[in-house]
Amino acid sequence: MHITLFYFLFSLGIVAADWQPVEVFKGQRSNTAIAADFDGDGQNEIIYSSMNKLFLVSIDGKRTRELASNVKVIHSAIADLDNDGDVDYIGGLEHVIWLDTPKDIWKDEWKLKIVSDELKGTHAVEAIDMDKDGKMDVVANSFKGEGKYPFSICWFKNLGDGKFETYPLADRDAFGGSHYFKIFDLDGKRALCAAAKGNQFINGNYFALYKEDKTLQSPWSKSYLLENQSGATNIIPADFDKDGTIDYVTSNGHGIGLKIIHGKDQAIIELDTEMESPHSLDVSDIDGDGDLDIATCGYASAVVAWYENNGAMKFKKHIIKTEQKAYDLRISDFDGDGLKDILLGGQGSKNVIWFKQVK
């Protein structure tokens with residue numbers, strides 16, 4: 001039985017003075033947005049999805065172009081998939097696709113290529129050098145009982161020359177509404193934590209852990225971190241108290257609330273019992289004090305918030321902005337000033353916006 005700890009330190013004052021909003025797109029839904037220095041000039045750009053298209057926009061919103069049409073993307077990642085020295089774009093929904101970054105990102109064609117068409121209903125993608133061979137691989141899931149790998153999570157080994165080889169690591173046991181996942185190292189091997197919602201998706205509402213067994217190529221073993229979690233969607237592994245064990249922050253993005261599973265004793269820390277549909281989630285040292293903080297956007301609550309970690313599993317809630325409804329949230333230093341910023345793909349609020357942290 002899990003022990004429930006109520007470390008519930010809320011500060012509801014809006015800290016607008018510390019966050020400057022920069023809206024780069026407005027008027028249509030955006031499922032996902034991601035930033036990177038795609039042209040290597042030292043300045044980030046943003047790629048976002050909207051209206052079944054992909055767009056590139058400058059960080060100040062003053063320059064934009066369409067990159068691809070007739071492509072549905074609900075989640076995205078970045079990596080140099082072709083080892084040519086620049087960062088490529090990876091996305092998924094109906095298929096797992098990638099855009100080959102050209103030399104001139106504002107004028108040249110971004111060629112759309114396929115990682116895999118074997119998955120149906122992909123909700124999350126991740127780029128990682130899974131087998132540590134020097135080439136970035138891709139991992140993606142399928143929450144539908146269709147296609148060659150139904151209810152599975154597969155990794156696609158990068159063979160070079162735009163070719164990928166498929167290995168199911170969660171082989172038909174990523175059932176429920178498989179949402180977001182993260183790959184990490186645990187006890188010297190690869191592991192993956194994943195979330196799956198329920199409702200119309202059978203056997204969902206859980207947070208699970210998959211561990212590499214004999215090889216990376218054979219299916220991994222599955223265990224449950226938490227069950228009976230209504231609307232489970234997101235989970236990220238991190239050592240929040242620096243005790244040397246992996247903790248897990250979880251969000252019920254189609255339900256209510258965020259929790260932390262303490263790695264050492266599996267105690268449950270209620271991070272927020274009021275935030276409605278915190279679909280998005282990210283972890284980083286937002287305030288630069290040396291420990292890891294948490295950020296989310298509550299879709300139904302229409303609130304962007306971050307949770308300040310005191311280093312001992314106690315968190316203080318800060319509201320950044322209201323009237324935002326996002327599926328996707330990323331933390332990074334987008335403008336190169338040394339401070340962490342927050343980017344949102346505003347699905348319900350119909351925008352793409354980033355919040356510049358100022359001191």
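Biologist: Which residues touch Lys182, leaving aside its neighbours within four places in sequence?

Modeller: Lys182 is in contact with Glu126, Ala191, Leu192, Cys193, Ile235, Ile236 and Pro237. Contact means heavy atoms within 4.5 Å. This is a predicted model, where local features need pLDDT of at least 70, side-chain atom pairs count only at pLDDT 80 or more, and totals for chains, interfaces and linings use all residues. Residues are numbered from 1 along each chain as its sequence is written, and side-chain values use heavy atoms, with hydrogens and water left out.

Biologist: Why is Lys182 called partly exposed?

Modeller: Its relative accessibility is 34%. Buried means under 20% relative accessible area, exposed means over 50%, and partly exposed lies in between (1.4 Å probe, protein chains only). So Lys182 counts as partly exposed. The residue sits in strand 16. A strand here is a DSSP run of E of at least two residues, a helix a run of H or I of at least four, both numbered from the N terminus.

Biologist: What makes Asp187 exposed?

Modeller: Its relative accessibility is 73%, so the exposed label applies. Asp187 lies in the loop between strand 16 (177–186) and strand 17 (189–197). Its phi is near 55 degrees, a positive value in a residue other than glycine.

Biologist: Why is Ser277 called buried?

Modeller: The relative accessible area of Ser277 is 11%, so the buried label applies. Ser277 also has a positive phi, about 50 degrees, although it is not a glycine. Its loop runs between strand 23 (268–276) and strand 24 (282–284).

Biologist: How many aromatic pairs are there?

Modeller: The count comes to eleven. Rings of Phe, Tyr and Trp (its six-membered ring) pair if their centres lie within 6.5 Å; planes under 30 degrees apart count as stacked, over 60 as edge-to-face and the rest as tilted.

Biologist: Why is the pair of Tyr48 and Phe55 called stacked?

Modeller: The centres are 5.3 Å apart and the planes stand at 20 degrees, so the pair is stacked. Tyr48 and Phe55 are both buried. Ring pairs link Phe25, Tyr48 and Phe55 into a cluster.

Biologist: What makes the pair of Tyr206 and Tyr224 edge-to-face?

Modeller: The ring centres are 5.2 Å apart and the planes meet at 90 degrees, so this pair is edge-to-face. Tyr206 is in strand 18 (residues 206–211) and Tyr224 in strand 19 (residues 221–227), so the pair ties together parts 18 residues apart in sequence.

Biologist: What are the burial labels of Tyr206 and Tyr224?

Modeller: Tyr206 has a relative accessible area of 4%, so it is buried. Tyr224 has 35% relative accessibility, so it counts as partly exposed.

Biologist: Why does Phe207 count as buried?

Modeller: Its relative accessibility is 0%, so the buried label holds. Phe207 lies in strand 18. Its C-alpha atom is separated by 24 Å from that of Gln347, 140 residues away along the chain.

Biologist: Where is Asp131, in a strand or in a loop?

Modeller: Asp131 is in the loop between strand 12 (125–128) and strand 13 (137–141). Not counting residues up to four places away in sequence, Asp131 touches Asp137, Trp155, Lys157 and Leu216. Asp131 and Thr215 are 84 residues apart in sequence, and their C-alpha atoms are 10.0 Å apart.

Biologist: Which residues does Gly145 touch, not counting residues up to four places away in sequence?

Modeller: Gly145 touches Pro150 and Phe151. Its loop runs between strand 13 and strand 14 (153–160).

Biologist: Now the whole chain. How many helices and strands are there?

Modeller: There are zero helices and 30 strands.

Biologist: Why is the chain called as compact as a globular protein of its length?

Modeller: The globule rule is 2.2 Å times the number of residues to the power 0.38, and the radius of gyration is taken over C-alpha atoms. For 359 residues the rule gives 21 Å, and the chain comes to 19 Å, which is close, so the chain is as compact as a globular protein of that length. Along its principal axes the C-alpha trace spans about 55 × 50 × 35 Å.

Biologist: What percentage of the residues count as buried?

Modeller: Of the 359 residues, 58% count as buried.
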